[in-house]
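Visitor: Could you walk me through this model?
Guide: Gladly; here it is.

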Amino acid sequence: MMKVVWVIILASAFQAAATESYSQTTKISLSMKQASLEEVIWTMKKMTQFNFFYQNDEIEEVHGLNVEFSDQTVDAILDECLKNTGLTYEIVHKAVIIHKDTKYIEPPGLLLESEADTPQKKTISGKVTDTKGLPLPGVTVIVKGTTVGTVTDADGNFSLEVPVSAEILQLSFVGMKMQEIVLAGQTTFNVVLEEETADLEEVVVVGYGIQKKVTVTGAVSSIETEDVVKGSSASLANTLAGRVAGLTSIQSGGGQPGRDDATMYLRGAATTNGKSALILIDGVPRDNIRTIDPNEVASVSILKDASATALFGVRGANGVILITTRRGTEGKMQLSINAEQSYTAFTREPERLHSWEYMELRNEASLNDGNTTLPYDQTTMNRYLNPLEGLDPNAADYEEQKRLREYMYPDHDYYREYISRSSPQTRVNMNASGGTKKVAFFINAGYLHQGGNLNTEPKSVLGYDPSSKMDRYNFRANLDYNVTESLKSFLNIGSYIEQVNMPAAWLYGNDTNWMMRDLLYQAQTILPITPGPTTIDGFGVEPGQIVDPGYMDRSAFEIMNRMGYRNEVRSNLNTSIGLEWDLSNTVTKGLSVKGLFSYDSRATTAMQGQKSERLYLAEVNPETNTMNYAVKRSDESLLSIVKGADSRYNVNIQGIVNYNRTFGDKHDVTGMLLAQRDYWESTGGEIPFNVVGFSGRFTYAYASRYLAEVNMGYNGSEQFAPDNRYGFFPAASMGWIVSNEDFMANQKVVTNLKLRASYGLVGNDNIGSARFLYQDNISMGGGTLGSLGLGKGVNQGLLGNPNLSWELAKKQNYGIDLQIMNDLNITFDYFIENRSKILISRGMVPQLQGVPLGNIPKVNMGKVDNSGFELEMTYNKKLAKDLSLMVRGNFNYNHNEVKFVDEPMRDDTYVYQYRST
């Protein structure tokens, strides 16, 4: 039998220590009956990243192994399998070398055998270093296509006996590019391994496709799932704040659970109408960025300039946010479970004001107003400073008198009594992914609980729960199935169920934001000297009734506890199904087609219990140390339940033709044509909305140096008259990768340098909730001359303007991408945007023309200029095999100026005669 001869080079202590973390943390489970050692080795090789080296004749006699291990390390399994076999092993980096266990250990070199048993072989040797000339220990050196191999020693040297027929050596090391060397009769080698520059090879998601990051010529920023899941915010929109250049995320609506949506701007606000960016999740327009589980997200791309957004036509002027969810890959199933507990708090809160401090300040304010009689004399102030003064601690009723005095002369911190300092947030997530050559899957389940800051009374007291809180359950399943080698199908299902609870908002017209703002205002403005918040016994009134401050519109205590409760249940389902057909083998190389159909639905059910209770006033007389209650409002109503529901749906259909091909190793050509239709219904149940679009993209790269890209969108929106419904939005960009030029080849400092420029047109049809503004709003109703309208009067409303169209944004972008020594990445963009044809209402048309200003046709006359720059820097340094340092930061600046909104000039009595321009 032909035997394989090995060279065994013992690793240094440094290498062993570097390997320990992987070998000790990688655990597998094995169950094999009557197996040979070689079968066990091959099974472990498939389940781990280890390479195994051995001589066939030394292990072929080891068989009949009954292996039963659960969650054990490779070391533990080998220790058991090699027991009493005369074999031992060494682990160097991720190489496992199995050899005979003898008392005499050969020095590093050849394991000599008799020439009769040794086939014709030759010895090759060499040294492996990095680009800085430093030796690389632990590099795996293997003859391609065989198990013959070794690893480099502490000085980066290797020596290996190989068959004479060996042709190619493969060298690999973590964090380095794998290199192949053709032997061609040579026996000594000096090999330089280069670091993997993943940032240059990675792809980024762009409109309806992906591109290599190094070839992107538009203004695109992106982050991956590792950065997304680091944030503790319950909303993905808030998580993105500060992490992506050009994106501004402001949580101006407050942090109420289930109502913490963020307002997002890309490169500022360049219009007076709708400023929100277009959001696509897995290529479909969707707006549920607040509710998506960050653990579902694979990447987020921000498209900012015309070159990147022209594909979206009338919906791309405010920028585009592309969210791509995770998918499974071929391999064993990966299961991840994590739980987080965090606490949120207001970034700023009012300082506490004590009772005596308030009275002193009130007296001071009265003196400043010229009043000689002060609101509070010293005797009264002393009662609040020491409410127990004059009481006998030995009296039988001391505790009762103490309770009464502290109630009559309180030092309340009402804000803290009503609003807690922090609120809990719990997040639990479980996801699994994996697949085979035919099927791949990603499944995610998540739970999020947000507690509110309101210190409400318990349900056991009220009979209902008015606390502010939210519970959300997320589910996602992304499935990929390879029907054939060229035909692939996919199914995406995402859903959530969310339950939001809060105090009743019927007093505020069910405007929950107004309710919460007013509640916080009332909690901050109630005086610390006010008795309450409920009555006490002994005064002819049942204890626990509401004490109204008397000097305020409402009582914060009443709002958050005694007006009822509101509970909303929201559910959402996002589904997408599609096929992708590679036509490379049937039509032409690089050609593929894709079809997608998505259906989304959303429903909300709101149940509100409302009630009102009698209100009392606590009247305290400091002179006589007495108190009594007076009725402020005698009306009462029992708890009544009102329930409502609404729903909506969205349909999106897409057909895409893609082309991607390289000619002659230098000419990279890609193309894309897209047709799609969006059809959706709002909660009002009115006429559904329709948008039809056609898009195209063409890119060309020569020798990975000179880049060009053309994008175009042709869209139609029903917001405008039939003769003015479609628009064409072209954009072009160019790039030059200077670092790939020959004159940059012999330097190691600037490892990437790219210059970019783009110009194009994009539109915006987000002009508010009003629809069909091109039509006259004429209605029939009563009137003095009813006979003019078939017995009814004719009422003239808003006059239509058939010439209305979308806003038009002319965008310029100039950028530079710089990488220094593979460690420091710098991206700088300067942009200019001129927004015109903004929809406005006329303000300078005199009313004497006969039509009220509110009914004058709206026009596309507004103008806004916007400009600024973005700087993004990332330093990523590999300090050791298992240790790296990454620092990232970005700085954005933009300045916008409203040039024209048809604003009338005010007279000279106004310091600022214009308020909007």
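**Burial and salt bridges**

Guide: Buried residues make up 46% of the 917 residues in the protein chain, where buried means under 20% relative accessible area, exposed over 50% and partly exposed in between, with a 1.4 Å probe and protein chains only. This is a predicted model, in which local features need pLDDT of at least 70, side-chain atom pairs count only at pLDDT 80 or more, and totals for chains, interfaces and linings use all residues. Residues are numbered from 1 along each chain as its sequence is written, and side-chain values use heavy atoms, with hydrogens and water left out.

Visitor: How many salt bridges does the structure hold?
Guide: There are 44, a salt bridge being a side-chain nitrogen of Lys or Arg within 4 Å of a carboxyl oxygen of Asp or Glu.

Visitor: What does glutamate 498 pair with?
Guide: Its side chain meets that of arginine 290 in a salt bridge, at 2.9 Å from N to O. The pair links distant parts of the chain, 208 residues apart, with glutamate 498 in strand E28 (residues 487-503) and arginine 290 in the loop between E21 and E22; strands are DSSP runs (E, at least two residues), numbered from the N terminus.

Visitor: And is arginine 290 buried or exposed?
Guide: Arginine 290 counts as buried, at 10% relative accessibility, and glutamate 498 is buried too, with a relative accessible area of 0%.

Visitor: Which residue forms a salt bridge with aspartate 260?
Guide: That is arginine 290 again, with the closest N and O atoms 3.9 Å apart. Asp260, Arg290 and Glu498 are among the residues linked in a network of salt bridges, which also includes Arg472 and Glu568.

Notes:
Helix = DSSP H or I, 4+ residues; strand = E, 2+ residues; numbered from the N terminus.
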